[in-house]
Amino acid sequence: ALEHVRILSANDRERRLAFVRERALRDEVSFLKEARQEGRQEGQHQGIEGTLRKQIALKFGELPVWADDRLTQASDAQLDIWVMRILTAESLEGLLAD
């Protein structure tokens, strides 16, 4: 292995190729890590949204189209607010108010 390192370090072209390969591998690992994180966040969002939909259906009945649209377009922060508000909301309109 040491001899291979000596040969690579003596050849500029091989050294540059090794550097490019190493950088490409690091970039790929970084890309995959970001993709996994995005997937986890998306899954968490969908899970919270799905649970909130079930809670709304149990408390207020079938979800009207306007409420379905609000839930579909909600941010993570908005879903968190509604998750806390579901316990005290007296109406669907009151729950999903801004």
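A residue is counted as buried when its relative accessible area is under 20%. By this criterion H45 is buried in the predicted model, because its relative accessible area is 16%. H45 is part of helix α2, which spans residues 12-60. Beyond its neighbours within four places in sequence, H45 makes contact with A74, S75, D76 and L79.

Three salt bridges were identified in a search of the whole structure. One of them joins the side chains of E22 and R26, with an N to O distance of 3.5 Å. Both residues belong to helix α2, where a spacing of four residues places E22 and R26 about one helical turn apart. E22 is partly exposed, at 46% relative accessibility, and R26 is likewise partly exposed, with a relative accessible area of 46%.

A salt bridge also links R53 to E49, at 3.0 Å from N to O. R53 and E49 are again four residues apart in helix α2, a separation of about one helical turn. E49 is buried, since its relative accessibility of 13% falls under the 20% limit, whereas R53 is partly exposed at 21%.

The side chain of R53 additionally meets that of D68 in a salt bridge of 2.4 Å, N to O. D68 is located in helix α3 (residues 65-73) and R53 in helix α2, so this pair ties together parts that lie 15 residues apart in sequence. D68 is partly exposed, with a relative accessible area of 29%. Through salt bridges with shared partners, E49, R53 and D68 are joined into one network.

How values were computed
Residues are numbered from 1 along each chain as its sequence is written. This is a predicted model: local features need pLDDT of at least 70, side-chain atom pairs count only at pLDDT 80 or more; totals for chains, interfaces and linings use all residues. Side-chain values use heavy atoms; hydrogens and water are left out. Helices (H or I, at least four residues) and strands (E, at least two) are DSSP runs, numbered from the N terminus. Buried means under 20% relative accessible area, exposed over 50%, partly exposed in between (1.4 Å probe, protein chains only). Contact means heavy atoms within 4.5 Å. A salt bridge is a side-chain nitrogen of Lys or Arg within 4 Å of a carboxyl oxygen of Asp or Glu.
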